[in-house]
Amino acid sequence: MERKKFLSGFLCGIALTLCMGVFIVYGNQLGWFDKIYQTSKGSEKITNSERRHALQKLGLLEKYIDKFYLNDLNAEDYEDGLYKGLVSSLDDRYAAYYNKEEFEEITAMNKGEYVGIGCSVSFDKETGAFTIIQPYEGSPAQQAGIHSGDVLVSVDGKSVTGKTLSDVVAMIKGEEGTKVKLAVTRSSSEKPVELVVTRKEVETKTVTYSMLQNKTGYIAISGFKDTTVQQFNKAVDALEKKQMAGLILDVRDNGGGALDAVVKMTDRLLAKGLIVYTKDKNGKGDKYYAKDKKQLDLPMVLLVNENSASASEVFAGALRDHKLATLVGTKTFGKGIVQSIFSLNDGSAIKLTTSKYYTPNGDNIHEVGIEPDIVVEMNKEYDKVEDDLEEGPDLEKDNQLQAAIECMNKKIGAKK
């Protein structure tokens, strides 16, 4: 009876949803754009008759499930499955339906803040080992004595063997103020070391920086989140105080993030001009410009690779088109489309591809990518995880960074 009542209410709801063409947009992002946006044009290729037929068949399928399906159904899972199925029918690999809990997690990820212990963890598929790459400065993990290179054995007494990285992250996260017990192995101890960490809200570290030889600043950006802007500005300011003569920016393996973040960061480097613009299926869109006169008037090099995508390519395209930086590495991923997240009244959300983006010169690089000015294939012996455990970049094995430094030395020499 409960399921029949649910189906009746659900069918009414989905009928309204299918016929409704107005959604309130939560965020317009490359990856997840943050811009507020509205659309009121529904699909013109689905007739009312076809909609009614789909609803009738959905009801028929439910009757078969109700009569013959062996196991019991959970109403919440059943409802989520129907919504996710509808969205997955689209020819859109980036489309998704998020229930309330999933949407809250997505929102927190985009902001760059979450409740946890504050450290990055890597997973080795061959050995199955979960290694602590780095506890964030001032984080609960650092305060509890967790070290870079520690190998995680268990969380609250439960072994991590056979778990996925997302499983382990979920085990470590929890409510603010609660404690979690971690067991780790380290080279300085024969037996596993047990550590108790108090969870709290932490900021995801997406920017690292250092000063290299010849007064060359180096900034690596792993993602574009709301908190990345402040971290980036802090890094630039710190290197300027050390009188850097040139700057190497690194967005290798950076899969993208918020448009608002990448626009603000590009604005920090560019005095004026167009940064990126978008067009939807009706040819309408938005243009994003540098808003202040502040500019980093220094030679720049940008490191990119095949995993530099979306917002990273906005960054690369703007620096290239304005001739602010020389691009070094390998061709970027080629994601030149925009996903918009539409929030619904019940706290859930839907993500759809809604437009294309273009670099200042008018290039849409979707499924094309951006070719670097200097092509350098990565040294196969280079281990990024091992590099992350060290203080600063590996100047001996990272041949792409070596090429960037060589390029920068020529730029600094020419400027003198």
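Colleague: Leaving aside neighbours within four places in sequence, which residues is Asp267 in contact with?

Modeller: Contact means heavy atoms within 4.5 Å. By that rule Asp267 touches Ile275, Ala290, Lys291, Asp292 and Lys294, its neighbours within four places in sequence being left aside. This is a predicted model, where local features need pLDDT of at least 70, side-chain atom pairs count only at pLDDT 80 or more, and totals for chains, interfaces and linings use all residues. Residues are numbered from 1 along each chain as its sequence is written, and side-chain values use heavy atoms, with hydrogens and water left out.

Colleague: Is Asp267 buried or exposed, and what is the nearest side chain of opposite charge?

Modeller: Buried means under 20% relative accessible area, exposed over 50%, partly exposed in between (1.4 Å probe, protein chains only). Asp267 is buried and has no salt bridge; Lys291, the nearest side chain of opposite charge, is 7.0 Å away. A salt bridge needs a side-chain nitrogen of Lys or Arg within 4 Å of a carboxyl oxygen of Asp or Glu.

Colleague: How many salt bridges does the whole structure have?

Modeller: Side chains of opposite charge can pair when their charged atoms come close. A search of the whole structure finds ten salt bridges. One of them joins Arg252 and Asp398, with the closest N and O atoms 2.8 Å apart. Arg252 and Asp398 are both buried.

Colleague: Which residues are linked with Arg268 in a network of salt bridges?

Modeller: The network holds Asp237, Glu240 and Arg268. Within it, the side chains of Glu240 and Arg268 meet at 3.0 Å, N to O. Arg268 counts as buried because its relative accessibility is 7%, whereas Glu240, at 36%, counts as partly exposed.

Methods: Lys, Arg positive; Asp, Glu negative; His and termini not counted.
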